[in-house]
Amino acid sequence: MQGKTHFMIGTAAALFILQPSELPVLVAGGAAAGLGSVISDIDAGRSSAGAEAVKVIAVSVMLSVSVILADMYLNLGIYEKLILRGSSHSAAVTPVLLFLLLCSFGMLTPHRSFMHSFPAMLLLGGCMYLLAPGLALYFVIGFASHILLDLLNKKGERLFYPFRKGFALRFCHADGKINSLLLAVGTTALVIAVYTSIPVQQTMQLVHNGVPLQEAMDLIRSGASVELIVGEVSRMGPLRFTEYLMKILHFVTDSSQLGFII
């Protein structure tokens, strides 16, 4: 399937299944699910897709940078609450290095082999657990959704790597009409998942009860960023919020920039 289809469905699935109750988890969990949903195709460098692996890396970097910027400027506390958790900064180094080492190995393997296997899902998920336990399931769900979607294609996946047997349902092509349908469903599902999430709904209720925008702006300066973010969302309403989110998603997944077909 196309990378943007994997991203939409994987992220939406994780948010619907895990139902994050705090904004830091919603933001970081969504990013972790998005990373898990596309990281498998880092092995595309060994296939006819060639340079598409670079685009996977670009998406991964963009997700990481987005979370870092959100944490810095919106004071979400993602690093302290979900990663640092009272331990030393050096504690995060080992799982990150292991994650990168596994991905480097995956880049050297044939397409739809190691990086499309259950062992890879468990190993990378384990690294994510060591780094941020609260985000590990988001990553694993995103990764699992990628494997399930690619089972619909004609090229087999070596799910039990290093065993060579490939599995495929041979139901559709990676870039055909089914992919377009799944992309539409995934995009719609992601919009609904974010809009109906607990943090967004709770804060919309807060704004509905009379918290003015200016006060929300004062709150964000003191670290309470939820009121500002969802205060804007509540003023937009569902339709305008959907339009706004779609513009962001279009920019991220634009075929001329980061859209890719695997």
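Start with the whole chain, colored by secondary structure. This is a predicted model. The protein chain has eleven helices and zero strands. Step along the sequence and the pattern reads α-α-α-α-α-α-α-α-α-α-α.

Now switch to a surface view. The accessible surface of the protein chain comes to about 12,900 Å². Carbon and sulfur atoms account for 68% of that surface. Of the 262 residues, 50% count as buried. Contacts also reach across the sequence: among those between residues at least 6 apart, 69% join residues at least 24 apart.

**Stop one: α6 and α7**

Select residues 118-131 for helix α6 and residues 133-150 for helix α7. How are the two helices packed, in angle and axis distance? They pack at an angle of about 160°, with their axes 7 Å apart. An angle over 145 degrees counts as roughly antiparallel, and α6 and α7 are therefore roughly antiparallel to each other. Their crossing is right-handed.

Show side chains at the contact. On the α6 side, pick Phe118, Ala120, Met121, Leu124, Gly125, Met128, Tyr129 and Leu131. Across from them in α7 are Pro133, Leu135, Ala136, Phe139, Val140, Phe143, Ala144 and Ile147. Color this contact by class: 15 residues are nonpolar, one is polar and none is charged.

**Stop two: α1 and α7**

The crossing of α1 and α7 is right-handed.

Which residues make the contact? From α1, select Thr5, His6, Ile9, Gly10, Ala13, Ala14, Leu15, Ile17 and Leu18. From α7, select Leu137, Tyr138, Ile141, Gly142, Ser145, His146, Leu149 and Asp150. By class, the contact of α1 with α7 divides into ten nonpolar, six polar and one charged.

**Stop three: Ser21**

Move on to Ser21, in the loop between α1 and α2 (23-38). Is Ser21 buried, partly exposed or exposed? Its relative accessibility is 44%, so Ser21 counts as partly exposed.

Terms used. Residues numbered from 1 in each chain as written. Predicted model: local features only at pLDDT ≥ 70, side-chain atom pairs only at ≥ 80, totals over all residues. Heavy atoms only, no water. Axes fitted to C-alpha atoms, helices over the stretch in contact; angles between N-to-C directions. Helix = DSSP H or I, 4+ residues; strand = E, 2+ residues; numbered from the N terminus. Parallel < 35°, antiparallel > 145°, perpendicular 65-115°, else oblique. Left-handed = near helix turned anticlockwise from the far one by under 90°. Contact = heavy atoms within 4.5 Å. Nonpolar A, V, L, I, M, F, W, Y, C, P; charged D, E, K, R; others polar. Buried < 20%, exposed > 50% of the residue type's maximum accessible area, 1.4 Å probe, protein only. Areas by Shrake-Rupley, 256 points an atom, 1.4 Å probe, with all protein chains shown as cover.
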